[in-house]
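Let's take a friendly walk through this model together. We will look at charged side chains, then a pocket, then a sheet.

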Amino acid sequence: MHGSYEARKEKYKDKVWTVESEPWDLCGSEVVRLEGYSGGFATEYLKRNEA
């Protein structure tokens, strides 16, 4: 997460998320399900982590 309200929360700081779904459209935004996060999260606030 970066650049979003959630990204500024201490509990999410430096967390690496696992995407659990294919993207889908939700009210004009592309979202995905993240492991351990309730609901869809906008892909524009995610960046790929190349391990």
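Glutamate 50 forms a salt bridge with arginine 48, and their closest N and O atoms are 3.9 Å apart. The term means a side-chain nitrogen of Lys or Arg within 4 Å of a carboxyl oxygen of Asp or Glu. A search of the whole structure finds one salt bridge. Both glutamate 50 and arginine 48 are exposed (over 50% relative accessible area with a 1.4 Å probe, protein chains only; buried is under 20%, partly exposed in between).

Keep in mind that this is a predicted model, where local features need pLDDT of at least 70 and side-chain atom pairs count only at pLDDT 80 or more, while totals for chains, interfaces and linings use all residues. Residues are numbered from 1 along each chain as its sequence is written, and side-chain values use heavy atoms, without hydrogens and water.

Arg48 turns up again at the largest pocket: 17 residues line this pocket, and Trp17, Leu46, Lys47, Arg48 and Asn49 lie nearest its centre. A pocket here is an open set of points on a 1 Å grid over the protein atoms alone, where a 1.4 Å probe fits, with protein on both sides within 12 Å along at least five of seven lines; lining residues have an atom within 4 Å of a point.

Now for the sheet: three strands form an open sheet in the order E1-E2-E3, with antiparallel pairing. Strands are DSSP runs of E with at least two residues, numbered from the N terminus, and two of them pair if DSSP finds at least two bridges between them. Strand E2 (residues 29-33) pairs with E3 over three bridges. Valine 31 has alanine 42 in E3 as its bridge partner.

Technical notes:
Helix = DSSP H or I, 4+ residues; strand = E, 2+ residues; numbered from the N terminus.
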